[in-house]
Amino acid sequence: MNRIKLMTVLLTVAACCAACNSSNEELVPLNEVDITQDSSEQSAEEDASGRQSGEIHSGLTADTGTQTENKTEITASPAPAAEICVHVCGAVQHPGVYTVPETTRVYEVMEAAGGLTETAAADYLNQAASLTDGQRVYVPTMDEVSKNQIPAEMAADIPVSSSSDRVVPESTGSMVNINTATAEQLKELPGVGDSRAQSIIAYREARGGFKSKEEIMQVEGIKEGMYSKMKDLIQVQ
């Protein structure tokens, strides 16, 4: 009986040993596992990702370059020159209103009007004078200048030359006292006609005479331009 039990135990142990040996043959040591394939696959995936990223980056660079090449250079255009309107009349070939650059001089606008006529008093004008918007340039004739018959409404608009500012009235040859002068004597002053002579007389009578030469600019129609042409020809006594 004991022998039978012993044999049974031995057979059981032998069977267990056989089973263990079989299991050990199926296990593969970790250091013998082939991981080359996994690494290669991972490297291939990384390379593919890198190539894709490079292609995207390259595409962006190309697009950027194209956009740079297609940029249109915008240059600010110069502002147009300012213009003014000037009325040219008197002894010119084609009187009228002319639109000219604001830097235009008197001689240039006279050329635009066709030039002076044969009877124009060219030396009476300051042809180098500058112009302003809305200005009227009246070109007198030589006869008007010699007889001091420039229309009163035009006289203040004439850019007079320095040589013409100091012309002494021919008929008197002396200074005109604006407190005592008659209408005829006053009319000898540049730009003074019948109506303006009467305005001067009416002003001095209403105020008891002029206190200074400059006060004549208070008379209607006599402004600084006209006064500058008569100031050396008048006096107050």
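In this predicted model, Ala122 is in contact with Leu116 and Gln127, leaving aside its neighbours within four places in sequence. Ala122 sits in the loop between α3 (106-112) and β3 (136-139). The residue is partly exposed, because its relative accessible area is 25%, and a residue counts as buried only under 20%. Tyr107 lies 15 residues from Ala122 along the chain. The C-alpha atoms of these two residues are separated by 9.7 Å.

Nonpolar cores were examined next. In soluble globular proteins, nonpolar side chains tend to be buried together. The largest nonpolar core in this model has 20 residues. Those with the most contacts inside this core are Leu186, Leu189, Ile200, Ile216 and Met230. Three helices each supply at least two of the core's residues: α6 (183-186), α7 (194-207) and α8 (224-230). The most comes from α7, which gives four residues.

The strands β1 (residues 83-90) and β2 (residues 96-101) run antiparallel. Six bridges join them. A hairpin of five residues leads from β1 to β2. Across the pair, His87 in β1 stands opposite Val97 in β2. In a regular strand, the side chains alternate between the two faces of the sheet.

Cysteines were then considered. A disulfide is a covalent bond between the sulfur atoms of two cysteines. The structure holds zero disulfides.

A search of the whole structure finds one aromatic pair. Tyr203 and Phe210 form this pair. Their rings are stacked, at 5.2 Å centre to centre and with 20° between the planes. Both Tyr203 and Phe210 are buried.

Note on methods:
Residues are numbered from 1 along each chain as its sequence is written. This is a predicted model: local features need pLDDT of at least 70, side-chain atom pairs count only at pLDDT 80 or more; totals for chains, interfaces and linings use all residues. Side-chain values use heavy atoms; hydrogens and water are left out. A nonpolar core is a set of buried Ala, Val, Leu, Ile, Met, Phe, Trp, Tyr and Cys residues joined through side-chain atoms within 4.5 Å. Buried means under 20% relative accessible area, exposed over 50%, partly exposed in between (1.4 Å probe, protein chains only). Two strands pair if DSSP finds at least two bridges between them. Contact means heavy atoms within 4.5 Å. A disulfide is a pair of cysteine sulfur atoms within 2.5 Å. Rings of Phe, Tyr and Trp (its six-membered ring) pair if their centres lie within 6.5 Å; planes under 30 degrees apart count as stacked, over 60 as edge-to-face and the rest as tilted.
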